[in-house]
Amino acid sequence: MMSVLYALLFYVATALFIGGLFVKIRQYARTPAPLKIPTTPAPTTQSGVAYRMFREVALFESLFKSNKWIWILGYLFHVGLALVLLRHFRYFTDPVWWWVELVQPFGVYAGFAMVLGLLGLLGRRIVVERIRYISGPSDYLMLILIIMIGVSGLMMKFVNHTDIVMVKQFMLGLMVFDIRELPTDGPLLIHLALVAVLMIIFPISKLLHAPGVFFSPTRNQVDNPRERRHIAPWANELDK
Amino acid sequence: MAAYQAPPPEFRELPDVPNKLEPDATAHLSPFVAKPEHQTDIGFPGELVDNWEEKAIDKMGELLGKYRSFQVYMDSCVKCGSCTDKCHYFQGTSDPKNMPVARQDLLRSVYRRHFTFAGKYFPKLVGARDLTREVLDEWHSYFHQCSQCRRCSVFCPYGIDTAEVSMAAREIMDSVGHGQKYCNEILGKLQKVGNNLGLPGKALKATLAEFAEEIEDDTGLPVKIPLDVEGADILLITPSADFFAEPHIDGLMGYAKVFHEAGVSWTLSSYASEAANFSMFIGSYSNLKTVAERIRKAALDLGVKRIVVGECGHAWRVAYSFWNTTAGIGSGAAEDDEFAQALQKQLDHNYPIPQHICEFTYDLVQEGKLRFNKEENDWRTITFHDSCNVARGSRMGSWAGGQFDIPRAIIKAAANNFVEMDPATIKEVTYCCGGGGGLLTDDLMEIRVKGALPRMEALNEVVEEQGVTHLAAICAICKAQFAKILPIYKFPMDMITSTHQIVGDALVMTGSIQEKELDGTDDESDEETAGSEES
């Protein structure tokens, strides 16, 4: 019964996650940027822009310039999350890819780093007056949601072992539309339910910053307005 | 006229401590609303339309579809807090709604209510709210306490640019008949007469003749400031403040000296006697284009080969970043782009189009074509204020960051005593003068004074520690703002200097009185006739 429920939950969550993201990314891609607005100094070549975007996404360069505390905590969380996500590929692949095996030992500690970073960010949100002022209920709930996902995940690893082989069979089954049995441990059910919630709200929340950064004109435009005429289709009509 | 009489905020300890928030400290500051004729002159409804709430939401939807920046920035903010302490208006007022993210949220809350699932069904959860009269008034107040300087966007991990958001907000307000008097009135004048002042061609001609005479008295050379000369090589587009305000005029005379010394033929245009384009401040693409097309028309009518732009911050952003897009003034138009090609075929693409006057002077300095007597500037110790729109919205030269190097290089070529302000307040992270973005109006004096605080603090530091006497700028708004603000902060008003005034003061023109004095080729007693002997 529980297995069927979770199977359905994951099908729905995956559909909303992929469908929702597809709609938003298509919207971002199709909306023109009619004016050249890179925050300068900006790269004057396309490869320069790629490098700028890499630094922004992989190193959080702008945040680093701004505030070292937010940078450290945010970086801890995001890098931790990235390693944890990579580690989780082992539950969806058989045989497990070699580089997932490689990540495995780091992935476990990354879970702690992630939760630590999140707790720090939550602390800042509460303690720093400026950030408290701009925080709404959804901002706290989002942090709490991801913290709970992290903690429930760590509990399965370090406190209350789940039959992980069975979980993997369940996941592999889902991918071929075969609903297999899911263990019914509390931490696992909580973990999976919250992950599904996260997937569902991803395309309708501030988590859109993940695709959004790639479409940010201040960061992804080449600084060459004098050399090339840049014009959006709707603006082109005005020339006539 | 200036309503604000209270003393400026006290200087803080540098590096500054984060502010204690003072909610609604500047909620009372709101600029005059545009009168019906100001609105209708530039294509907006005269007064608040009947179903304005609905119209405003429609407009927001339209802008979301037209501007990727607006759409992405409405969605992407995670409230990390990175920008919260970066705005000069926040630093000067402690009003939390002057934190960039909070300013954006004034609009984002309405976006969420009408355009997002969460905002439609769980408004409280995500801070979504309906558009009410109170919200509109709050927009009018706080979106005119943003100078669109983009300092916050430097620090945002997603590059969210509050300037884009405040432009959208102003465009929405304009479209429902609730614009700002200062920007819209000026834009109307510009489109009717050709410049922000409403100075007609005849008066302009007389003024320019006076300046030329003054240069001749000073140098003994027949330096001209030509107007409407067909077939000139260079069209100079400069802010109209250069024709009437101090220290702007001295900058204009500096350009004239440089042009004369370079031996180029150049002209101003009475039809396009304005570099400023406040359309950017109000986010109006159609007005941006209309105004830029005046320059295109002047260039076509006069048959010029090059276009040079005088010292003006937002105008340089518009010229550098938007002229090619909106009016085809630039290079690299597609073969089948008839509109742009019509002009671009006429222009000389061996030079950047448009070219900043500092780039023009810099090239001459590099080529060794300008001779300076730096001692003429020895009585000055100069520091340089990077204008926000030049620093973060444009470039000079062919390399990223040329906009920082080139003005400094020409100041250093012309003067011996140059010092920098605190690195946290210049170049990429420079502070706005406090009067940009359509705020340079007496009805916003209080926010102008308070917003100038970070710049004044950095200036005070170099005045006290390094004896700085002059603040050089390359922006008409910065110059006008500082001329007003410096005395309030107990600095001399004439500290503020045009960069090309420094250039002009040290320039030793060929055949000038200065050259003869310096080289001693002429009897000193002959000084008075030195000019005429040249020919």
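Visitor: How many residues of domain 1 of chain B are in contact with domain 2 of chain B?
Guide: In this predicted model, domain 2 of chain B takes part in the contact with 11 residues. The number from domain 1 of chain B is 15 residues.

Visitor: Which helix gives the largest share of the side of domain 1 of chain B that touches domain 2 of chain B?
Guide: At least two residues of that side come from each of α9 (151-155), α10 (162-175) and α11 (181-193) of chain B. The residues of that side divide into seven nonpolar, three polar and five charged. The largest share is five residues, and the helix that supplies them is α10(B).

Visitor: How many Å separate the centres of domain 1 and domain 2 of chain B?
Guide: Chain B is divided into domain 1 (36-186) and domain 2 (194-419 + 468-506). Taken over C-alpha atoms, the centres of these domains of chain B are separated by 32 Å.

Visitor: Does B:M173 count as buried or exposed?
Guide: B:M173 is found in helix α10 of chain B. Leaving aside neighbours within four places in sequence, its contacts are B:W139, B:H140, B:H178 and B:G179. A residue needs 20 or more other C-beta atoms within 10 Å to be buried. B:M173 has 26 C-beta neighbours inside 10 Å, so it counts as buried.

Visitor: How far apart in space are B:M173 and B:A118?
Guide: In sequence, B:M173 and B:A118 are 55 residues apart. In space, C-alpha to C-alpha, the distance between B:M173 and B:A118 is 25 Å.

Visitor: Which residues have the most contacts inside the largest nonpolar core?
Guide: The largest nonpolar core has 183 residues. At least three of its residues come from each of domain 1 (36-186) and domain 2 (194-419 + 468-506) of chain B. A second, separate core has 11 residues, including A:M156, A:L182, A:L192 and A:A196. In the largest core, the residues with the most contacts are B:A168, B:L235 and B:I329.

Visitor: What span should helix α14 of chain B have at 1.5 Å a residue?
Guide: Helix α14 of chain B covers residues 285-302, which is 18 residues. The expected span is 1.5 Å times one less than the number of residues.

Visitor: Which element of chain A is included in what covers the buried residues of α14(B)?
Guide: Among the buried residues of α14(B) are B:Y285, B:L288, B:A292, B:I295 and B:A299. B:A292, B:I295 and B:A299 are also in contact with B:I329. From chain B, the cover includes α11, β1, β3, α15 (313-327) and α16 (338-344). From chain A, the cover includes α12.

Visitor: Which residue just after α14(B) takes a positive phi?
Guide: The phi angle here is about 70°. The residue that takes this angle just after α14(B) is B:G303.

Visitor: Which residue of β3(B) does B:L236 stand opposite?
Guide: Strand β1 (residues 234-237) of chain B runs parallel to β3(B), and four bridges join them. In strand β3 (residues 306-309) of chain B, B:R306 and B:V308 point one way and B:I307 and B:V309 the other way, and all are buried. The residue that stands opposite B:L236 is B:V308.

Visitor: In which sense do β3(B) and β4 of chain B pair?
Guide: Strand β4 of chain B covers residues 355-356. B:V309 stands opposite B:H356 in β4(B). The two strands have two bridges between them, and the sense is parallel.

Visitor: How many helices does chain A have?
Guide: Of the 240 residues of chain A, 35% count as buried. The C-alpha atoms of chain A fill a box of roughly 65 × 45 × 40 Å along the principal axes. Chain A has zero strands, and its number of helices is 12.

Visitor: Which helix gives the most to the side of chain A that touches chain B?
Guide: The contact takes 59 residues from chain A and 64 residues from chain B. On the side of chain A, the residues divide into 27 nonpolar, 18 polar and 14 charged. Among the helices of chain A that each supply at least two residues are α1 (2-30), α6 (129-134) and α7 (137-158). The one that gives the most, with five residues, is α6(A).

Note on methods:
Residues numbered from 1 in each chain as written. Chains lettered and ligands numbered in written order. Predicted model: local features only at pLDDT ≥ 70, side-chain atom pairs only at ≥ 80, totals over all residues. Buried ≥ 20, exposed ≤ 12 C-beta atoms within 10 Å, placed from the backbone. Core = buried A, V, L, I, M, F, W, Y, C linked by C-beta atoms within 7 Å. Domains from an automatic or database assignment. Contact = placed C-beta atoms within 7 Å. Nonpolar A, V, L, I, M, F, W, Y, C, P; charged D, E, K, R; others polar. Pairing = 2+ DSSP bridges.
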